[in-house]
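Hi everyone, thanks for making time today. I'd like to walk you through a structure that may be new to you, so please have a look at it first.

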Amino acid sequence: KAYDYIQELPHPSMQEAAIIDNNSNFAQDGTEQLEEDLNWERKFRDIASFHSTHGTSDVPAHTDLGHFAAQQRLEYRQCIGNKPSFLTQDRVERLKAIDFCFGGPKDRKKFLTCVDELVRYRSLPSNE
């Protein structure tokens, strides 16, 4: 895949240049789309880096990256609702690969809280 080749390039600016070259068939009016694609790639790289560092893709909500995450969740809901969305299947798969929670951090926290409660309940002597 072209994406795999791009990801193997040693420097992010080389990756961006490869993306530009790969999309060079855009017409004059396609430059805005190309810029959006590059911005998405940068934000994805940032959230993947956050995931690598923190072990989660649940970024703080009131940050630039948090707004990006919220936008991906919104676009995902649009996508699965058969409404227009810029979130491609490839992007969905890439986000899933870093355990991106499309339900949002609150849903994940609620789920993890329920799991913790279940573990505590199961560990009680009367429930063994």
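One thing to keep in mind from the start: what you see is a predicted model. The protein chain has 6 helices and 0 strands, and if you read along the sequence you get the pattern α-α-α-α-α-α. The chain has 128 residues, and 30% of them count as buried.

Let's go to the charged side chains. In general, side chains of opposite charge can pair when their charged atoms come close. How many salt bridges does the count come to here? The count comes to 5, and I'll show you three of them.

Please find Asp 37, which sits in helix α3, residues 31-54. Which side chain does Asp 37 meet in a salt bridge? Its partner is Arg 91, with 2.9 Å from N to O. Arg 91 belongs to helix α5, residues 89-97, while Asp 37 is in helix α3, so this pair links distant parts of the chain, 54 residues apart. The two side chains also count as making a polar contact, again at 2.9 Å. Both Arg 91 and Asp 37 are buried; for Asp 37, the relative accessible area is 14%, and the cut-off for buried is under 20%.

Now move along to Arg 94. The side chain of Arg 94 forms a salt bridge with that of Glu 41, at 2.8 Å from N to O. Arg 94 lies in helix α5 and Glu 41 in helix α3, so this pair ties together parts that are 53 residues apart in sequence. Arg 94 counts as buried because its relative accessibility is 7%, and Glu 41 counts as buried as well, at 14%.

Arg 94 has another salt bridge, with Asp 90, at 3.9 Å from N to O. Asp 90 and Arg 94 are both in helix α5, 4 residues apart, which is about one turn of the helix. Is Asp 90 buried or partly exposed? At 35% relative accessibility, Asp 90 counts as partly exposed. Through shared partners, the salt bridges join Glu 41, Asp 90 and Arg 94 into one network.

Arg 94 also leads us to the aromatic rings. Arg 94 lies over the face of Phe 44, 4.4 Å from the ring centre.

There are 4 aromatic pairs in the structure. One of them is Trp 40 with Phe 44, a stacked pair with 5.3 Å centre to centre and 5° between the planes. Trp 40 and Phe 44 are about one helical turn apart, because they are 4 residues apart in helix α3. Trp 40 is buried, at 3% relative accessibility, and Phe 44 is buried too, with a relative accessible area of 8%. Together with Phe 68, Trp 40 and Phe 44 form one aromatic cluster.

Last stop, the surface. Which residues make the nonpolar surface patch of about 310 Å²? They are Leu 118, Tyr 121 and Leu 124. Leu 124 lies in the segment after α6, the helix that spans 105-123. With 42% relative accessibility, Leu 124 counts as partly exposed.

How values were computed. Residues numbered from 1 in each chain as written. Predicted model: local features only at pLDDT ≥ 70, side-chain atom pairs only at ≥ 80, totals over all residues. Heavy atoms only, no water. Helix = DSSP H or I, 4+ residues; strand = E, 2+ residues; numbered from the N terminus. Buried < 20%, exposed > 50% of the residue type's maximum accessible area, 1.4 Å probe, protein only. Polar contact = N/O pair within 3.5 Å; in protein donor to acceptor, adjacent residues only side chain to side chain. Phe/Tyr/Trp six-rings, centres within 6.5 Å; stacked < 30°, edge-to-face > 60°. Lys NZ or Arg CZ within 6 Å of the ring centre and 35° of its normal. Patch = residues over 30% accessible without salt bridge, like charges linked within 9 Å, V, L, I, M, F, W, Y side chains within 5 Å. Areas by Shrake-Rupley, 256 points an atom, 1.4 Å probe, with all protein chains shown as cover. Salt bridge = Lys/Arg side-chain N within 4 Å of Asp/Glu carboxyl O.
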